[in-house]
Amino acid sequence: MSTIVLLLITGLGLGALYFLVASGLSLIYGLMGVLNFAHGSFLTISAFLGWEVGRRVSDGTWWGLAISAIVGIAVGAIVAALTEYLLIRRLYERHIEQALVTVGLSLATVALFEGIWGTDPIYTARPEWLTQTTEILGAKIPNDRFLLIACAVIVLGGIVLFLKRTRYGLIIRAGVENRQMVTALGIDVRRSFTLVFAIGGAAAGLGGVLASVYYGYVSAHLGSVLLIFAFIVTVIGGLGSLTGAAVASVLVAVLQQFANYYLGGTGDLVVVVALAAVLLIRPRGLMGKIA
Amino acid sequence: DPAAGDAGAPVKIAMLTSQTGPLAAYGAAYTAGFEAGLDYATDGTGTVDGRELEIEWGDDQGNPDTAVAKAKDFIGQGYQILAGTAASGIATALAEQAAQNEILYISGPAAADAITGINEYTFRSGRQTFQDVATAGTFIGDPAGKKVVVFAQDNAFGQGNLAGVEAVLGSKGATVEGVLVAEDATEFTPFAQQLISASPDLVFVAWAGASSGAMWTALSQQGVFDAVPVVTGLGDVATYGAYGEASAEISFLNHYFGGAAGTEAEAAMIEHLEAAGATPDLFSPDGFVAAQMIVQAVREGGDTVDGMIDALEGWTFDSVKGEITVRAEDHAVIQPMYQAKLVQDGDAWKPELVDTIDADDVAPPVAGE
Amino acid sequence: MTDHAMLSLEQIGLRIGGARILEGVSLDVPAGQMLGVIGPNGAGKTTLFNVVSGVVRPTSGRVLLDGADVTRESIHRRAAAGLGRTFQTSSLFPALSVLENVRLAAQAHAGGATSLVRIPRAGDAASERALECLAEVGLEHRAGAEASGLAHGEKRKVEIAMLIAADPKVILLDEPMAGVASGDVPALTEVIRGLHRGGRTVLMVEHHMEVVLGLVDRVAVMHHGELLAVDTPEAVMANPTVQSAYLGEAM
Amino acid sequence: MSEPASEPILVVDALSGRIAGQQVIEDIAFEVPATGVTALLGRNGVGKTSTIKSILGLIERTGDVRLAGERIDALPTHRIVQRGVGYVPEDREVFGQLTVAENLRLAERDAAPRRELVERLFPDLVARRAQRAGTLSGGQQQMVSLARALVNENRLLLVDEPTKGLAPRIVDEVAVALAEAAQTVPILLVEQNLRVVRRLAERVVVLSGGRVVFTGTAVEFLDDEELIHRHLGVHDASEAA
Amino acid sequence: MTRNKTLWLAVGGVLLVVLLAVLPLLAIEIPGVLPGPTYTPGTLQLIAYAMLIAALALSYRMMFGLAGLLSFGHALFFAAGAYGLGMTLDAFGPAEWPSELIFLGSIVVTLAAGFVLAATVGALALRVTGISFAMVTLAFAQAGSVLIRRNPGGATGGDEGLALDIEHVPGALVGVLNTRNLYWVALGVLVFVYLVVLWVEQSRAGHVAAATRENELRVRVLGLRPYNVKLLIFIVASVLAAVAGMGYLLLQSGAAPRVATADFTLTLLVIVVLGGVGYRWGAIVGGIVYTLLDQRLTALAGSEFIAGLPAVLRVPLSEPLFILGTLFILVVLFLPGGIAGIPQRIRSGRASHPAESEEVADA
Ligand SMILES: Nc1ncnc2c1ncn2[C@@H]1O[C@H](COP(=O)(O)OP(=O)(O)OP(=O)(O)O)[C@@H](O)[C@H]1O
Ligand SMILES: Nc1ncnc2c1ncn2[C@@H]1O[C@H](COP(=O)(O)OP(=O)(O)OP(=O)(O)O)[C@@H](O)[C@H]1O
Ligand SMILES: [Mg+2]
Ligand SMILES: [Mg+2]
């Protein structure tokens with residue numbers, strides 16, 4: 001029993017991390033049709049800079065973590081916005097090329113991070129409470145999982161509210177349907193593209209800082225590890241569907257946990273089989289719209 | 001005397017190791033150790049009996065394809081000795097090249113047991129997995145009737161360690177169980193639970209790579225250390241911080257850390273390293289030994305590969321870790337190993353020697369027998 | 001002979017996301033007949049063609065081609081069974097040459113089009129046939145041009161040439177005159193008449209009433225997804241409902 | 001042919017447009033006077049929609065386009081619209097996933113949008129504020145589309161086939177709404193229904209094969225059977241309806 | 001005129017192949033590009049490796065450029081060839097058979113296995129299109145990669161890779177002295193793959209595949225089944241990848257798990273785009289340029305010159321992948337036709353996008 005609770009809640013925590021990466025991917029794909037391979041790099045650079053600043057201010061305290069998170073979010077947003085502005089925008093509507101540019105960017109940046117921060121993981125400190133556990137139904141749940149889940153819920157709620165309640169959200173939702181018409185109403189839709197990249201980057205940035213808490217280290221490959229799962233989650237959830245991504249994140253992570261534990265460490269294989277199965281049975285994903 | 005023919009001609013030696021890529025740090029330690037060893041073995045001349053050692057370094061990038069291509073290039077240019085690499089996958093590929101082309105190969109820190117006795121042209125300069133495992137075994141006294149759980153990643157390294165424990169401790173009457181975790185798994189909490197419920201006498205952890213931090217945290221959070229003694233290998237300096245809370249509670253087996261040996265050669269190595277701005281680390285002795293072996297091969301073996309093999313087989317010499325023997329049968333490097341612990345040093349952790357294990361106590365069985 | 005239905009639609013209905021696109025459309029087209037389909041924009045004409053050709057599955061009803069129920073058949077099966085169509089906006093393979101476009105149709109008709117073994121070359125049967133078909137629409141001089149570079153009217157003609165090459169039993173033409181320069185209309189009308197003359201069954205959506213009236217045997221009128229009337233051209237033109245729904249009140 | 005009294009609101013000269021690398025209109029030149037409705041006529045596919053889209057910068061274009069004397073042919077679409085150009089696209093293009101209210105809110109540019117005007121003109125939409133626009137009937141969608149243009153104070157409206165696919169009764173309603181709008185803002189109207197043209201337009205510009213082939217007053221054109229036949233390919237006005 | 005042009009191209013091609021074939025007998029030096037004279041094993045090894053990568057890229061281009069199939073799993077089939085041959089050589093054959101027979105038999109078995117794998121993966125993945133297709137192929141490749149690293153039953157060697165068991169490999173293909181022979185094998189593989197690709201592209205099925213890329217619905221309305229054609233192309237490309245993989249195993253005397261990763265497929269994509277998607281020889285140019293660049297940039301990274309630069313320049317310049325990635329971005333942004341498109345650009349004087357792919361249409 002306690003093992004199942006443990007698997008479920010830690011699965012939820014991992015799913016939260018997947019979602020933080022996938023939310024940005026999904027949003028960017030939904031609005032702009034860009035499959036962003038550089039998303040993992042947004043995450044990594046945010047984790048590195050968040051850590052660099054956080055540890056200088058106050059290492060291993062809540063205050064330091066908060067600073068790291070703020071820096072991570074800001075860095076993610078800025079780097080993503082710059083990427084959109086300098087690279088993606090030039091290839092307006094040429095989706096394959098846009099994806100290719102992000103492939104190039106991810107190759108180059110991972111190499112650059114290795115050059116700057118080295119190839120070894122750098123172990124990070126964190127607030128005392130996060131290293132402890134809380135007992136639920138006999139299972140000792142590491143506290144950082146709760147932080148992850150809370151952040152993911154806040155991000156999900158925040159993005160949904162943003163899309164539903166703000167004018168920019170309105171523009172983005174309209175842009176997903178028909179970009180030209182949004183322009184024809186006198187709105188600079190390109191600005192909302194940059195904004196969407198920035199929001200996606202910010203979520204990835206927060207994800208990066210939290211990932212460094214979860215894994216206990218930062219490294220140049222932090223993002224690449226998560227990216228592949230974020231892709232899978234995005235596709236299973238239905239490209240462009242935020243709630244789909246959320247549901248799929250949790251499903252995939254929990255499935256992975258159980259398979260890793262009970263089926264001889266086959267978590268990755270099971271996820272891959274699940275992806276293939278979902279796409280073959282329901283090609284547009286769990287919650288994807290009809291293209 | 002075969003060497004007399006071209007006395008004075010330089011000997012071409014190709015060193016392949018990671019200068020970039022995931023194992024670049026190991027490569028750097030190996031390289032620095034090698035320079036120190038060369039200096040030590042040639043008394044600072046860089047020559048052997050008046051012959052120049054022409055040493056060329058290549059970057060294997062942690063990629064076997066690159067390594068093989070470079071090796072072929074070197075071999076094609078007439079290099080007679082090849083040495084290096086920390087990656088077992090690359091070492092096996094290079095061993096293959098050595099055999100195909102009949103040249104001498106002295107592998108680097110790569111730990112795979114398979115390299116020992118792989119072919120007659122291949123030697124090694126470091127320890128092998130078996131010696132790690134055997135050192136772990138020294139923590140439980142007489143293994144008979146004890147239960148040992150191996151907690152490892154489900155990859156070649158982890159599987160090798162499990163097999164090693166089964167061979168070493170299983171044969172002495174211990175019950176050995178493996179808890180192997182998928183290499184890409186990121187969540188170790190449930191496995192920590194599994195370790196406790198198995199209630200073993202010893203948990204042997206064989207873990208490499210970035211996820212070790214999260215793994216140790218999980219063990220510590222779930223209270224594994226309160227329930228069972230835990231042994232693992234102490235890695236290079238960069239990993240001292242990876243054990244977090246658990247640092248003081250783990251028993252470490254160790255191949256080498258700076259200051260562990262206290263030999264005259266070690267003092268010479270540390271002096272040379274520090275002069276070059278480096279610090280002694282896990283794989284410094286491997287480079288040092290490689291240099292000593294190369295010098296020996298050139299000095300005693302002349303220009304033929306068979307001569308060099310003869311010169312190395314069964315050779316006993318003093319090195320950083322003390323007296324070392326290159327076993328004639330399978331080229332295993334018989335050497336002492338260490339037990340260590342981590343102690344707090346300000347904000348950081350540093351290793352402290354607990355015990356030195358005799359070379360013969362941890363000598364692997366002869367490969368292929 | 002001519003009165004057996006080459007194409008029958010039985011109570012075709014189509015709903016997409018709650019919207020009724022087609023409703024209770026029943027229609028028999030005897031072999032060899034040419035039927036005009038008219039109706040206001042959005043009446044469901046193109047959608048009806050899509051249902052017949054298999055691009056869209058109806059939510060209810062059946063489609064019978066030469067007596068056989070093809071409602072569940074895939075697009076390519078129906079095409080192989082002798083159903084050909086054009087599209088409202090011209091739909092060629094833009095990066096291929098005009099000849100290659102038509103040759104694909106000829107090969108599809110002759111079989112073995114997806115063979116790895118056979119390499120098409122100038123002078124083989126399919127190429128010869130493709131050139132003939134191009135000649136019929138007066139475009140043989142454009143055989144080597146890339147399809148994307150054609151003028152709009154020329155594209156329409158290539159589409160017709162592809163139809164000729166595929167030699168179907170039943171043809172669906174969706175606004176073949178749209179975008180064709182007025183000077184070319186009579187010639188293209190003749191080409192379409194020629195298509196029909198071979199005994200083929202033709203359904204044609206066309207807003208160009210002169211062409212419709214000059215060619216067809218009967219006219220079907222669609223409005224709001226329903227079939228308002230199927231009758232002779234004269235009777236349809238005189239029908240008051242048709243006048244108000246399509247032709248306009250002024251008539 | 002009477003010249004418009006004041007400065008024209010829109011002057012188009014040597015305008016060419018390309019879609020997917022293909023020239024669809026060429027060397028178009030005409031003017032839209034500062035008042036009333038100017039109709040842009042022509043058969044299917046002659047380039048009416050492309051002309052409108054070129055003016056708005058929605059397709060790749062070259063040439064000289066001036067709005068009240070100011071060059072707009074190098075501006076991005078949203079800048080042109082912000083200078084006071086309202087657009088009612090050919091196929092309504094409402095945002096189907098958004099509600100009616102959201103569709104309108106999105107279109108509001110002005111500080112004081114003319115919500116009352118829209119509500120008065122299209123009472124049906126008030127009742128359906130919360131309905132998703134994708135579920136509206138074609139006529140209702142056309143209302144939304146028109147309302148999106150009328151909710152702002154504009155200097156020029158570009159309206160592309162507002163009656164396309166609408167039942168005759170709705171056509172009348174749309175015509176009434178446009179007539180009212182035309183009281184305050186000049187309109188460039190693409191329309192196939194010649195009865196609507198006759199009712200609304202003062203001047204016509206006729207395209208054929210991507211070029212302007214006729215400019216003049218509406219009466220002058222619509223009363224000339226021969227002209228209509230030549231340029232629109234219809235025998236009489238009713239057939240094109 | 002086209003006939004004449006084809007003839008010239010064919011003659012040029014044959015001359016090029018002949019030149020490449022006699023390269024090991026010559027002593028051509030290209031400082032800065034090749035590590036040594038062309039007869040030296042190191043240089044031959046490098047060129048042979050480049051040719052195999054070019055062959056692989058060529059097969060990838062056939063899928064992506066001709067049929068418009070954006071696969072993220074092509075590496076799987078390359079790995080299937082390399083590992084398949086390695087594993088069969090390890091395990092296969094009654095000992096009493098002559099070595100040559102076992103070697104040939106292993107090749108045949110590997111090809112058959114590659115075919116079955118390709119048919120299975122293709123049949124499933126092609127049921128979806130666009131990004132979904134890319135993701136399903138990625139998933140299968142990922143599964144293959146995980147399996148290889150898991151080292152089931154010790155068959156694949158896991159992280160350490162699979163060493164070639166030379167017992168049944170012809171002596172002429174073993175050892176550095178025989179690099180020359182391996183070079184000829186690689187050249188043979190490249191020429192073979194090129195001819196097959198050329199054949200497929202010019203066959204009727206190739207034409208239908210190109211048509212399918214342009215307008216799938218239209219193909220179906222002609223009565224053809226795009227699924228069949230796409231599957232055919234997928235299988236041919238995959239088996240060709242397996243052929244290149246076998247060459248790789250022999251050349252490297254082993255296989256590393258790296259060749260099964262999604263990263264490796266992405267590298268292929270980079271190579272094809274770098275060379276020019278619109279051109280068959282673009283893939284070859286891309287494969288060769290990429291391999292040489294990768295090799296030379298590594299040499300540059302370790303050079304004294306770089307070590308002497310200030311950190312701002314030294315750190316990025318000593319990372320070959322950083323330079324390659326940046327170069328790739330620049331090519332996509334400013335050279336849409338890739339390297340092979342340069343002559344065309346110069347001629348027409350303006351940007352052109354051959355085979356400009358339409359928006360990836362999702363199912
Ligand atoms: N996928 C869809 N979802 C929702 N509505 C659809 C869909 N497809 C078609 N429709 C609607 O069905 C109706 C019929 O469209 P169709 O294209 O058949 O008209 P048509 O008679 O060919 O018109 P035209 O003369 O303009 O070509 C239109 O109102 C259209 O908007
Ligand atoms: N997306 C496109 N791609 C290629 N050609 C196009 C495209 N859109 C329009 N065209 C072509 O451009 C030309 C002009 O089209 P446009 O839509 O401007 O005509 P129109 O006068 O508005 O016609 P209609 O009365 O049918 O609305 C036509 O020949 C059309 O085929
Ligand atoms: Mg239609
Ligand atoms: Mg139009």
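Reply: Among the 363 residues of chain E, 56% are buried; buried means under 20% relative accessible area, exposed means over 50%, and partly exposed lies in between, with a 1.4 Å probe and protein chains only. This is a predicted model, in which local features need pLDDT of at least 70 and side-chain atom pairs count only at pLDDT 80 or more, while totals for chains, interfaces and linings use all residues. Residues are numbered from 1 along each chain as its sequence is written, chains are lettered from A and ligands numbered from 1 in the order in which they are written, and side-chain values use heavy atoms, with hydrogens and water left out.

Now the chain as a whole. Chain E contains 15 helices and 2 strands; these are DSSP runs numbered from the N terminus, with helices being H or I of at least four residues and strands E of at least two. Its C-alpha atoms fill a box of roughly 55 × 55 × 45 Å along the principal axes. The radius of gyration of chain E is 21 Å, which agrees with the value near 21 Å for a compact globule of 363 residues; the radius is taken over C-alpha atoms, and the globule rule is 2.2 Å times the number of residues to the power 0.38.

Contacts (heavy atoms within 4.5 Å) can be sorted by separation along the chain. Of those in chain E with a separation of 6 or more, 72% are between residues 24 or more positions apart.

Next come the rings. Over all chains, the structure holds 30 aromatic pairs. Rings of Phe, Tyr and Trp (its six-membered ring) pair if their centres lie within 6.5 Å; planes under 30 degrees apart count as stacked, over 60 as edge-to-face and the rest as tilted. In one pair, E:Phe78 and E:Tyr248 have ring centres 5.1 Å apart and planes at 50 degrees, so the pair is tilted. This pair links distant parts of the chain, 170 residues apart: E:Phe78 belongs to helix 3 (residues 75-91) of chain E and E:Tyr248 to helix 9 (residues 226-252) of chain E. Both E:Phe78 and E:Tyr248 are buried.
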